[in-house]
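Hello,

Here is the structure I promised to pass on to you. Have a look at it first, and then read my notes below.

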Amino acid sequence: MVDEFTQTLLGIMVAVIMLGMGASLTPRDFYLALRRPYGLAIGVVSQYGIMPLLGFLLALMLSVPETIAVGILIMACMPGGTTSNIFTYFSKGNLALSVLMTVTSTVFGVILIPLILLLYAAALDLEIPREDIIKVLIVLLVPVAIGMTLRKLNPNAGAVMEFLGSILGAFFIVFIAVTWVPQNWQFLLNTTAATYVAAIGLGVVGITIGYFFATSLKLHPRNARTVALETGIQNGPLAIAIVVFTFPPEQQQAIMAVPALYSLFIVMTSTLVTFVFRRANTAAEQKLPDGLL
Amino acid sequence: MVHADRPWQAFYGPNVRPDIGTSSYRNLPELIRSVAETYKSGKAFTCCLPNGMNGTLTFAQVDEMSDALAVYLREVAGLSAGDHVAVQMPNSLSFPVAAFGVFKAGCVLVNVNPLYTADEMAKQFEDAEPHALIIADMFADKVPAATRGHPIPNVIVTRVAEFLPVLPRGIVGLVQKYWDRSVKPVETAHVRLPEALKAGRNRIASDHVEVGAYHQSIGHDDLAVLQYTGGTTGVAKGAMLTHGNLILNMEQAMELLAGDLEKGGEVVLTALPLYHIFAFTVNMLAFYWLGARNILIPNPRPLSNVKRAFENYKITWMSGVNTLFNALCNEVWFTDSPPKHLKFAGAGGMALQSSVAERWREVTGTEVVQGYGLTETSPVLTFEPHGKAREGTIGIPVPSTDVACFAEDGTKLAIGETGEIGARGPQIMKGYWKKPDETEKVMNGDYFLTGDIGYMDSDGYIRIVDRKKDMVVVSGFNVYPNEVEDVLAAHPGITEAAVIGVPDAASGEAVKAFIVKGDDSLTVEQVRAYCKEHLTNYKVPKQVEFRDELPKSNVGKILRKDLRAEQTAQIAAE
């Protein structure tokens, strides 16, 4: 279903994306996050509280086959993706917060993802290869650390890495679209409406709930919009990588359906949301006089 | 020994000479070369883009590149000594190369604000008559319209990412061209800066051109820069600044500031534009002279654009205007981890509000010392000595400078009396380009009249109470808008305020305040009640108007004159 070449390519791409994410960080960012744990705590709660619950409810309510349900759960338990940073950037949101939430949720994810997955999977009576998922997650932290070191040693290399990482994040979606979709055309046609609802709903409902959750906790509106994007936009590439690296080939196609569809649709959803948020964020930005160029 | 007429000298540190005498440098090129020989491979200029991409030129590189540009201008472009060269670009590595190259060619630099519209450019070009223009590609699309009728024979085009390593430069180039489309095709005949440098280098190699010959005969009285000013007073005028003006002003400022700074050891954040006289003299010249590394920020808007510079470099000194210090104190990323290596900061360009200075001290644990000066004075006239800042003052005159206040009839007033501030010293311009009448208006003997009203404390600290024309007279009482604005700005619900006088049937003139709210629930009644707590009744704004923003000049000075014009037009219409 996914050949070895594609698998290697996938691995390299995810590594570069994580490298780029690391390059956007300094130890100071972590220090600051710990000094202001409130916003971050909200992020972790929405990422590992709200989203998995949402995924669980979707899997429960929509009558989907087991493999699809596993796909929904995995997708829902993913940390924030670098794509969320790109959309936050274009919507003029709080990029530092977005990056931090992505990173903390990734770091916390090493423990939380397998835990929550197991919990919900048990509730739905599903099989999840826990150790393999932990392994993949730990391996992915290595490029983040390398990226941080690179930035420290050479800001230019760091900035280039960061740029490539975010470009690749977008390219990744295109990659899925041109490789996975045509190969699995028949499968997509046979996929039930319920699967589509789950793949699209995860993003749309996630962003909506994330926004209202953050607003109800009196987060600054700009930060609330950032949390919303961060909550709804999951790390799609990571989900696909996990599926490819941990599940036997015969199950991959079905389990990957939701992560792949999610990755495709979230781009459209987020683009629309970004337009709305951008307007609101621009209005709230500190205005500096024109000539201070 | 403190001179009786110069009480401020008591505040000079032990190593500050009250009179710096003349400089050991005859002209700017000599200074540039001498500094480069001292610091050679030290880092002189670093351009830091919002994403952290950067490029650096060493002292030796800037020296070599500016030599090549000088030779290009003289040998290839065919310019002569004294010809004018306009430079129009945001902060970037090209800026020092261009400015130094122009000086070395024995030509005169004309700084042009890159944000000018084609009309504004045309006016300045018409007056300054440049023979060459060095412009950043982002703004080059305005050249055809700006030079219609007054063609500029040589156009050299550069870019913000010039001299960055090839990969970041390429990425920035692609992003600017295809993503944000900030670079439009250049339709004027031109050469690219790197090509010009190459051509210059070839000439040096083939013809054994001696760059030193171009500026050998240049002395302190020779024109170095035409710096346009007058945006806030009316007609734009080119202040003629000489090599002596700039060299000595730089040395005057450093005589006072450098006591706490280390030669060859400072890292300076240059977020203010170099085309403006403050950053030009203080950051680009004075700190270059000190062997410092200038971190150039092409565009500090939005403010998150300077975040990477603070993260990646150990900033030890920075210059700014009130607006910048205020805005930084409103950014969470800045207040959460303020720069650790900062020694102090210098403010200029506009009055530093005491509430902002206080915030800055709280956030960074360091002081902002305020300086004062004008384009016509190269610009530094006064500075607060580090560690001896005094609230509400602009500090004391820098060495070799006399400051006195003058009555309306031109007589010199005693210390303590309020009048128009005048100054004399080696930094006073030669006059306005082609405008002897305007020059005459601002000179009183050898004193240059600043147009600012103020007085001197008995020990020499100077206080500005207002601009000459901004004073409001309410039933015979003088109200100085700055004072009212300061009170308003200290209100937690007010972001910004401007105060002007408007005609009033009862009191002749009345005080009117324009306010940008920080707190949406603020009402007119609350503002007036608050003012009454802090001000004598006649100073309390009779009218209060809330606005979304206030008109500002290109360095962030609030333009009261625009508000006044608006009011006058409104009254005329009624």
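The secondary structure of chain B amounts to 18 helices and 26 strands; helices (H or I, at least four residues) and strands (E, at least two) are DSSP runs, numbered from the N terminus. Please keep in mind that this is a predicted model, in which local features need pLDDT of at least 70 and side-chain atom pairs count only at pLDDT 80 or more, while totals for chains, interfaces and linings use all residues. Residues are numbered from 1 along each chain as its sequence is written, and chains are lettered from A and ligands numbered from 1 in the order in which they are written.

Chain B is divided into domain 1 (59-218), domain 2 (223-470) and domain 3 (472-573), with bounds from an automatic or database domain assignment. The centres of domain 1 and domain 3 of chain B, taken over C-alpha atoms, are 43 Å apart. Of the 574 residues in chain B, 53% are buried, that is, 20 or more other C-beta atoms, placed from the backbone, lie within 10 Å of their own.

Now to a pair of helices. Helix 9 (residues 243-257) and helix 10 (residues 277-289) of chain B pack with their axes 10 Å apart, at an angle of about 75 degrees; axes are lines fitted to C-alpha atoms over the stretch in contact, and angles run from 0 to 180 degrees between N-to-C directions. Helix 9 and helix 10 of chain B are therefore roughly perpendicular, a label for angles of 65 to 115 degrees. On the helix 9 side, B:L246, B:N249, B:M250, B:A253 and B:M254 meet B:T281, B:V282, B:L285, B:A286 and B:W289 of helix 10, where contact asks for C-beta atoms, placed from the backbone, within 7 Å. This contact has eight nonpolar, two polar and no charged residues; Ala, Val, Leu, Ile, Met, Phe, Trp, Tyr, Cys and Pro count as nonpolar, Asp, Glu, Lys and Arg as charged, and the others, Gly among them, as polar.

Chain B also touches chain A: 32 residues of chain B are in contact with 21 residues of chain A. Helix 6 of chain B gives the most to that side, with three residues. The chain B side divides into 15 nonpolar, 12 polar and five charged residues.

Lastly, how many residues of helix 12 of chain B are buried? Seven of its eight are, among them B:L324 and B:F325. Their cover includes helix 13 and helix 14 (354-364) of chain B.

Best wishes

Technical notes. Buried ≥ 20, exposed ≤ 12 C-beta atoms within 10 Å, placed from the backbone. Parallel < 35°, antiparallel > 145°, perpendicular 65-115°, else oblique. Contact = placed C-beta atoms within 7 Å.
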